[in-house]
Amino acid sequence: NGKRVAYFYDQNVGNFYYGANHPMKPHRLALTHNLILHYGLYKKMAVYHPRRATADDFRKFHSEDYVDFISRVSPDTVQQWSDKLSRFNVNGDDCPVFEGLYDFCSLYSGGSIEGAVKLNHGLCDIAVNWGGGLHHARKDEASGFCYINDIVLAIIELLKYHPRVLYIDIDIHHGDAVQEAFYITDRVMTVSFHKYGNNFFPGTGNLSEIGAKTGKYYSLNVPLQDGIDDLSYESIFKPCIQKVMEFYRPTAIVLQCGADSLGCDRLGCFNLSLKGHGECVTYVKSFNIPTLVLGGGGYTIKNVARCWTYETALIVGEEISNELPFNDYFEYFGPDFQLHPDTQTKFENLNTRQYLDDIKAEVMENLRSLQHAPGVQMQEIPPDLVLYSDEEDDTQRDVRQKQRGRLSQNEYYDDDRDNEGDYMDSD
């Protein structure tokens, strides 16, 4: 493989609970990590226990009053903040106040920021934080299950050393808040492949959203229809990314690997297999540019764990068996107990050859309008959000973080609408 891979994981990140019937299950991170351990993939990476991000880190992007709110609100004090809940879009549905909310944000953001720091210092070629990738959080409001935008924070860190950062998003939902954060700069190019139309969340990501001012043509959107399969996805992903690389010549990449673009996702409508999703990771890796790989959406958690484990194997260049190794959550993966499940759905592929060719043509036209590889004036580099220390990393490296715990009972079926006991089903 020849790649130095840094992998970030905190054993507490999977213990948070958004609430009954909520589709976002942080426990998917525990399943993913456990599979990575039992496949032995940890041996191919430097495994780190990330530092927790701080309120000062959050304020590099988020507003002061929003960070103050996130750091202090809790289920016990939520009534005291009633005047702020709607203002910050924190509610009982998509973005609830749950126990340990601020700690959760600190954990998932810390891995993304530290990954960026290690890339900046040349300490790894690829950094992986499956807990990150929460692309909907805005400067001063929560959105789409996301509270703190770890992606924006990591890109801000990368920009200290890199003149051009490319952001690629393969989540089924548009990477709206990352696009918005860098909409008027040419220092970051955002490229999002997502479902668009029929009021699908978040409702943005049309072809016409191309950036503004200095950032005009540096936002690229590939709006897709229901049912896209591996071949159709590859037919548009690879040509678009190839041209982006050719025109923009990024010096660092952030790849958001939301697994809700897989077939059979609880909130999705695509037909991608693990291999089709993973082919995007392999293709981006082939450019040999420092890359931060993040998680994102994904709501059928047994398939999320499979997907990110498979992509970890692709990143470290290791072939792994389709037969899942026995692990602490083995019963989740029945009845087949295989890495690659059947993810075909009943969604018809509405992305015709003509539709994809038309999208591709418009994307290429926008790329031709780009100034080739914009430069940036040299200036003094600000201090790292995380101060790097050899000695500290040696003590923080965690080669084998075993998670023996099980879900609390309230993570299983709550009612017919909550399918998170789906490790028991027969699909």
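N21 lies in the loop between β1 (5-8) and α1 (27-38), where helices (H or I, at least four residues) and strands (E, at least two) are DSSP runs numbered from the N terminus. Although N21 is not a glycine, its phi is positive, at about 70°. N21 counts as partly exposed at 26% relative accessibility; buried means under 20% relative accessible area, exposed over 50% and partly exposed in between, with a 1.4 Å probe and protein chains only. The model is predicted, so that local features need pLDDT of at least 70 and side-chain atom pairs count only at pLDDT 80 or more, while totals for chains, interfaces and linings use all residues. Residues are numbered from 1 along each chain as its sequence is written, and side-chain values use heavy atoms, with hydrogens and water left out.

The protein has 12 helices and eight strands. Of its 427 residues, 61% are buried. Among contacts with a separation of 6 or more, 81% are between residues 24 or more positions apart, contact meaning heavy atoms within 4.5 Å. The accessible surface comes to about 16,800 Å², and carbon and sulfur atoms hold 47% of that surface; accessible areas come from the Shrake-Rupley method with a 1.4 Å probe, and for residues only the protein chains shown count as cover.

K213 belongs to the loop between β5 and β6, and with a relative accessible area of 71% K213 is exposed. P202 has its place in the loop between β5 (188-195) and β6 (219-224), and the peptide bond leading from F201 to P202 is cis, with omega near 0°. Another cis peptide bond runs from G334 to P335, with omega near 5°. P335 sits in the loop between α10 (301-316) and α11 (353-368).

G317 is likewise found in the loop between α10 and α11. At 48% relative accessibility, G317 counts as partly exposed. Along the chain G317 and K3 are 314 residues apart, yet their C-alpha atoms are separated by 8.4 Å.

Leaving aside residues up to four places away in sequence, F69 touches W81, K84, L85, F88 and V90.

Helix packing comes next. Two packed helices are described by the angle between their axes and the distance between the axes. Axes are lines fitted to C-alpha atoms, for helices over the stretch in contact, and angles run from 0 to 180 degrees between N-to-C directions.

Helix α8 (residues 230-248) and helix α9 (residues 274-285) have axes that come within 10 Å and cross at roughly 15°. That angle makes α8 roughly parallel to α9, as angles under 35 degrees count as roughly parallel, over 145 as roughly antiparallel, 65 to 115 as roughly perpendicular and the rest as oblique. The crossing of α8 and α9 is right-handed; a crossing is right-handed if the near helix is turned clockwise from the far one by less than a right angle, and left-handed if anticlockwise. On the α8 side, D230, Y233, E234, F237, K238, I241 and Q242 meet G276, E279, C280, Y283 and V284 in α9. This contact of α8 with α9 has six nonpolar, two polar and four charged residues, where Ala, Val, Leu, Ile, Met, Phe, Trp, Tyr, Cys and Pro count as nonpolar, Asp, Glu, Lys and Arg as charged, and the others, Gly among them, as polar.

Helix α8 also meets α11. The axes of α8 and α11 come within 10 Å and cross at roughly 5°, and α8 and α11 are therefore roughly parallel to each other. From α8, the residues S232, S235, I236, P239, C240, K243, V244 and F247 meet L356, I359, K360, V363, M364, L367 and R368 in α11. The residues of this contact divide into 10 nonpolar, two polar and three charged.

Helix α9 packs in turn against α10, at an angle of about 35° and with the axes 10 Å apart. The crossing in which α9 passes α10 is right-handed. L274, K275, H277, G278, V281, T282 and K285 of α9 make the contact with R306, C307, Y310, E311, L314 and I315 of α10. By class, the contact of α9 with α10 has six nonpolar, three polar and four charged residues.
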